[in-house]
Amino acid sequence: MVVSPIFSRLNLLTGEDVLQALHSTSVIIFGVGGVGSWIADSLIRSGIHRLTLVDSDTVCITNVNRQLQATTKNVGQSKVEELKSRLLELNPKATIETHLDVYEVGDGDKFQLGQYDYVIDAIDSIRNKVDLCISATEAGSKFYSSMGAAYKLDPTQIEVTSIWDTQNDPLARHVHKGLRQRNFQGDFQVVYSRENLPLMHKTSVDEGTHQCFCPSFHTEKEGLESAQDWCHSKAVIPGSAVHITATFGQYLSGLVIQDVYHKIQKMLKETAV
């Protein structure tokens, strides 16, 4: 294998066998917002060449504070397409597939989850999230999930644990309930934080105090007839900071990289015996 200069420093750390394994590893990320966009960035910078991005949302001006692909110049554009363009600047040889779509209950077969080595969940909808957790696990792919990254400022409280061992995380609590209702007996690792700060300025749709800052307009891009205002589908708009969402993303990408690394190291030791 000829190591690209892009990955020469990583090669010094992991060796060519791991780089080759990363090159052939396939990953699908559901949700490329504050957490998912940083997962994708880290994976591409770490030698992953086969990446699939799934998100139906468009860039909103309020995304700029925490989402990698969001800028003041691309408001209204597809998040997955903008992110793809950014990632290909990092590694033009990467194969990046995009789906301007949202994962919904029963979509496991639609996305053929079993064909991926790793499935990563970074979506917010609890019902869809629970179904993705179950479907990906049952498909046999290695599965990792992000719990709530909002209402947090202390990155030292972020950790990796079993979905069943999370504490003081409202999103994880809802996921627990959904998994139990569907008699899920499995397990998977999640990234979460016990920190749960109060929101300083509550913006509630129900109280009529919320408005979307993004303009409504049309684009010629296929599949994007108009910008979607997902904000209005939320009861309360959560506060979030990039040093937290990005750290969640780095933790999740790190789980993939470490898992590949340890698999190769184990294989090499067994071969040497």
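Hi everyone. A salt bridge here is a side-chain nitrogen of Lys or Arg within 4 Å of a carboxyl oxygen of Asp or Glu. By that rule, the structure holds 7 salt bridges. Please keep in mind that this is a predicted model. Its protein chain has a mean pLDDT of 89, with 87% of residues at 70 or more.

In one of them, Asp41 meets Arg45 at 2.9 Å, N to O. Both sit in helix 3, residues 36-45, and they are 4 residues apart, about one turn of the helix. Asp41 is buried, at 6% relative accessibility, while Arg45 is partly exposed at 45%.

Next, Lys79 pairs with Asp57, with the closest N and O atoms 3.1 Å apart. Lys79 belongs to helix 4 and Asp57 to the loop between strand 2 and helix 4, so this bridge ties together parts that are 22 residues apart in sequence. Are these two residues buried or exposed? Lys79 is buried, with 4% relative accessibility, and Asp57 counts as buried too, at 13%.

Then we have Arg194 and Glu159, whose side chains meet at 3.6 Å, N to O. Arg194 is in the loop between strand 7 and helix 7, and Glu159 is in strand 6, so the pair links parts 35 residues apart in sequence. Arg194 is partly exposed at 37%, and so is Glu159 at 27%.

Finally, a caution: pLDDT stays under 50 over residues 204-210 and over residues 217-229. Thanks, everyone!

Conventions
Residues are numbered from 1 along each chain as its sequence is written. This is a predicted model: local features need pLDDT of at least 70, side-chain atom pairs count only at pLDDT 80 or more; totals for chains, interfaces and linings use all residues. Side-chain values use heavy atoms; hydrogens and water are left out. pLDDT is the predictor's confidence in each residue, from 0 to 100. Contact means heavy atoms within 4.5 Å. Helices (H or I, at least four residues) and strands (E, at least two) are DSSP runs, numbered from the N terminus. Buried means under 20% relative accessible area, exposed over 50%, partly exposed in between (1.4 Å probe, protein chains only).
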